[in-house]
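Dear colleague,

Please find below the structure for your records. My findings follow it.

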Amino acid sequence: MAATKTSGAQPKSSGFNPVQFLREVSAEMKKVSWSTRQELAKYTVVVSITVVIVCALIWICDSFFARLFNLIVR
């Protein structure tokens, strides 16, 4: 069998380098697409309304099944 070379292999590092890590984090954070203040406010309202609706549905289902259970047990 012929020995195969791994393409794109990274050189062995001597360990964790915090300065290199922070530079890479900084470079990646510059690539992030950040929302505007208006978009953030709209998304917050949408999520809040959705949470309230889901909580109400869970409360309604819970109340229904609690009453149904009480009717069955009594």
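Helix H1 has 13 residues and spans 18 Å from its first C-alpha to its last, close to the 18 Å expected at 1.5 Å a residue; the expected span is 1.5 Å times one less than the number of residues. Helices here are DSSP runs of H or I with at least four residues, strands are runs of E with at least two, and both are numbered from the N terminus. The chain has two helices and zero strands.

This is a predicted model, in which local features need pLDDT of at least 70 and side-chain atom pairs count only at pLDDT 80 or more, while totals for chains, interfaces and linings use all residues. Residues are numbered from 1 along each chain as its sequence is written, and side-chain values use heavy atoms, with hydrogens and water left out.

In helix H2 (residues 37-73), where Thr44 is placed, a polar atom of the Thr44 side chain lies 2.7 Å from the backbone oxygen of Leu40.

The accessible surface of the chain comes to about 7800 Å², and 66% of that belongs to carbon and sulfur atoms. Areas come from the Shrake-Rupley method with a 1.4 Å probe; for residues, only the protein chains shown count as cover. Buried residues (under 20% relative accessible area; exposed is over 50%, partly exposed in between, 1.4 Å probe, protein chains only) make up 0% of the 74 residues.

A nonpolar surface patch is formed by Phe16, Phe21, Leu22, Val25, Met29, Val32 and Trp34, with about 750 Å² of accessible area together. Patch residues have over 30% relative accessible area and no salt bridge; nonpolar side chains (Val, Leu, Ile, Met, Phe, Trp, Tyr) are joined within 5 Å, and like charges within 9 Å. Phe21 lies in H1 (residues 18-30) and is partly exposed, at 42% relative accessibility.

The count of salt bridges (a side-chain nitrogen of Lys or Arg within 4 Å of a carboxyl oxygen of Asp or Glu) comes to one. Lys31 and Glu28 form a salt bridge at 3.2 Å, N to O. Lys31 is exposed at 62%, whereas Glu28 is partly exposed at 46%.

Kind regards

Conventions: A polar contact is a pair of N or O atoms within 3.5 Å; within protein, one must be able to donate a hydrogen and the other to accept it, and residues adjacent in sequence count only if both atoms are side-chain atoms.
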